[in-house]
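Please keep the sequence and the model in view while reading.

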Amino acid sequence: MLRETVELVEYIRHFVAGGAAIAGLLFQLREQELQEEDHPYLETLVRAFNQKPVAQPTHLESEPSPSPPQPLLDPLSAREQEVLRLLARGASNQDIAEVLVVATSTVKHHVSNILSKLDVTNRTQAIARARALGLLSSAPLD
């Protein structure tokens, strides 16, 4: 039983490491599958991203006007902005390390700084906050 739990956690980590791109796909799948039947594993994966999905307005609904974004007290460095753009594309730490030709530990440090500066707790929230602040475009792939 313990081994199965550990294996499950490892599988979940792989999904979470996929970042915002995977989270978005899981949220879409969840919305589609909710009408058919209950999927406990899908719910477990969605909860692992520590963010509730936000219902997207239809073309008939008007979006509420957003409050003006607050500037960051400690702006992101140029390298942190590069890392953020790659995160928005769904890149893993390893992928980012390969693209930027740095160690994975360096990427983790940059991600930690980004989360701190944006005052969020995970990559999905970081990307959403960065878009709200105008640091990333609103398009799914920046």
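This is a predicted model: local features need pLDDT of at least 70, side-chain atom pairs count only at pLDDT 80 or more; totals for chains, interfaces and linings use all residues.

## Nonpolar core

The largest nonpolar core has 22 residues, and those that touch the most other members are Val83, Leu87, Ile96, Ile114 and Leu118. At least two residues of this core come from each of α4 (78-88), α5 (93-100), α6 (104-118) and α7 (123-132).

When residues up to four places away in sequence are left aside, Ile114 touches Leu76, Glu80, Val83, Leu84, Leu87 and Ala126.

## Contact of α5 with α6

The axes of α5 and α6 come within 8 Å and cross at roughly 110°, and the two helices are therefore roughly perpendicular to each other. In this contact, Asn93, Gln94, Ile96 and Ala97 of α5 meet Thr104, Val107, Lys108 and Val111 of α6; these residues divide into 4 nonpolar, 3 polar and 1 charged.

## Salt bridges

The structure holds 3 salt bridges. In one of them, Lys117 pairs with Asp74, with the closest N and O atoms 3.9 Å apart; Lys117 lies in helix α6 and Asp74 in the loop between α3 (40-48) and α4, so this pair ties together parts that are 43 residues apart in sequence. Glu80 also forms a salt bridge with Lys117, at 2.7 Å between the closest N and O atoms, and because Glu80 lies in helix α4, this pair ties together parts that are 37 residues apart in sequence. Through shared partners, Asp74, Glu80 and Lys117 are joined into one network, in which Glu80 counts as buried at 4% relative accessibility, whereas Asp74, at 44%, counts as partly exposed.

Arg79 forms a salt bridge with Glu82, the closest N and O atoms lying 3.1 Å apart; both residues belong to helix α4 and are 3 residues apart, about one turn of the helix.

Key:
Residues are numbered from 1 along each chain as its sequence is written. Side-chain values use heavy atoms; hydrogens and water are left out. A nonpolar core is a set of buried Ala, Val, Leu, Ile, Met, Phe, Trp, Tyr and Cys residues joined through side-chain atoms within 4.5 Å. Buried means under 20% relative accessible area, exposed over 50%, partly exposed in between (1.4 Å probe, protein chains only). Helices (H or I, at least four residues) and strands (E, at least two) are DSSP runs, numbered from the N terminus. Contact means heavy atoms within 4.5 Å. Axes are lines fitted to C-alpha atoms, for helices over the stretch in contact, and angles run from 0 to 180 degrees between N-to-C directions. Angles under 35 degrees count as roughly parallel, over 145 as roughly antiparallel, 65 to 115 as roughly perpendicular and the rest as oblique. Ala, Val, Leu, Ile, Met, Phe, Trp, Tyr, Cys and Pro count as nonpolar, Asp, Glu, Lys and Arg as charged, and the others, Gly among them, as polar. A salt bridge is a side-chain nitrogen of Lys or Arg within 4 Å of a carboxyl oxygen of Asp or Glu.
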